[in-house]
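The sequence and the structure come first.

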Amino acid sequence: MLCDIVLSAYFSPYKLEIKQESDSNKYLSIVDFTLDKTNIKFFSFDNFSIPSYMIIDGERLPVKEIGQMAFMGSKELINITIPSNVVKIGSTAFGNCSNLKSVKFEENSELTSIGSWAFSQCVSLNSIVIPKSVSLIEMGAFDSCDDLTVFAEASTKPIGWGDNSYIDQYPIVWGYKENDVVFETNADGFRYTTNLDDNGERYVIILQYIGEETNIVIPDYIDVDGISCPVKKINNKAFKNNPSINSITISNNITVLEERAFYGCQNLQTIIIEQNSHLDSIESYAFSRCSQLQSIYIPSSVTKIGEYAFDSLAPECQIYCGALSQPEGWDENWNSNNYQVTWGATNPVSK
């Protein structure tokens, strides 16, 4: 338990508070970060690491808190690593760090909370890996981080990650296991990252499409560092509100279409599911508001469909299902507009 302030201290360029836990152990809270012409030359801000420990009056003390407004407005920061013993990031701690691009936490992080507006106005921030130990994210923590993709070690959203934290505005990769974030765009315009499956095998997640094709084919594999990796997921919001797509072909390695993957693709008319599809899950709102979609085939491999996955499609839309009847894992509102469903169907537009 983190407790009372004992002393203030200075360890260039950090202003610190020495605090004491209930078991009398002392620790450090960073309250300010001040650079000047005498100390700035000693730091590399491309890969800046906050120290795990500092020596204060001969005592080696752990850094456990990053205090309120500690790094606020530090435009020098570009990529930062936060030590594993930090348990709390205070409100506005990194607010308006306008050149900050990535935030990484050391392995086995003990971080439990990210305070209100902690990373607000970090307009260049494109990635943060949030440790599975984080149970609380407060109001506005990621406000106005328009280019952000969140990599969460947790497999699902914890209760304490508030809706008003703004984290839901951004693409989130759940269950992230990689040591280093991969952000690449291939020649076909697919922006992607990678993750590891339960066997430690690497696979590809499509994050966004920035190409110019209107008839899009999701690749079976993408080359990553000279290794051909299967494309298994289309991430949440990956194609959201894309006005250009007319048709999409889902390759047979795809297992998950995440929440709002194709939400609001108003010119999407045709979805082609390849033969021998391994598709297992179509999550909530995946095809919602695809108002021109005429038909879709759902293979028998699909065991889960989230709420409103097929909402506000073309009025005459036909849904063909390989299953003989509705599987138990399909939400009761998966077909909220009651489009005509044919059970036990074969794929009418397979590749």
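The model is predicted: local features need pLDDT of at least 70 and side-chain atom pairs count only at pLDDT 80 or more, whereas totals for chains, interfaces and linings use all residues. Residues are numbered from 1 along each chain as its sequence is written, and side-chain values use heavy atoms, with hydrogens and water left out.

The C-alpha trace of the protein chain spans about 75 × 40 × 35 Å along its principal axes. Of its 351 residues, 50% count as buried, where buried means under 20% relative accessible area, exposed over 50%, and partly exposed in between (1.4 Å probe, protein chains only). Among contacts (heavy atoms within 4.5 Å) with a separation of 6 or more, 47% are between residues 24 or more positions apart.

## Strands and the open sheet

The protein chain has 28 strands and zero helices. Both are DSSP runs numbered from the N terminus: helices are H or I with at least four residues, strands E with at least two. Six strands form an open sheet with parallel pairing, in the order β4-β7-β9-β11-β13-β14; two strands pair if DSSP finds at least two bridges between them. The edge strands, β4 (48-49) and β14 (172-173), each pair on one side only.

Strand β9 (residues 102-105) pairs with strand β11 (residues 127-130) in the parallel sense over two bridges, and Ser102 stands opposite Ser127 in β11. β11 also pairs with β13 in the parallel sense, over four bridges, with Val129 opposite Phe151 in β13. β13 and β14 are parallel partners over two bridges, and Val150 has Ile172 in β14 as its bridge partner.

In a regular strand the side chains alternate between the two faces of the sheet. From β13, Thr149 and Phe151 point one way and Val150 and Ala152 the other way, and all are buried.

## Aromatic pairs

The structure holds 21 aromatic pairs. Rings of Phe, Tyr and Trp (its six-membered ring) pair if their centres lie within 6.5 Å; planes under 30 degrees apart count as stacked, over 60 as edge-to-face and the rest as tilted. Phe71 and Phe94 form a stacked pair, because their ring centres are 5.0 Å apart and their planes are at 10°. Phe71 lies in the loop between β6 (59-66) and β7 (79-82) and Phe94 in the loop between β8 (88-89) and β9, so the pair ties together parts 23 residues apart in sequence. Both Phe71 and Phe94 are buried.

Trp117 and Tyr166 form a tilted pair, because their ring centres are 6.3 Å apart and their planes are at 40°. Trp117 lies in the loop between β10 (113-114) and β11 and Tyr166 in the loop between β13 (149-152) and β14, so this pair ties together parts 49 residues apart in sequence. Trp117 counts as partly exposed at 30% relative accessibility, and Tyr166 counts as partly exposed at 27%.
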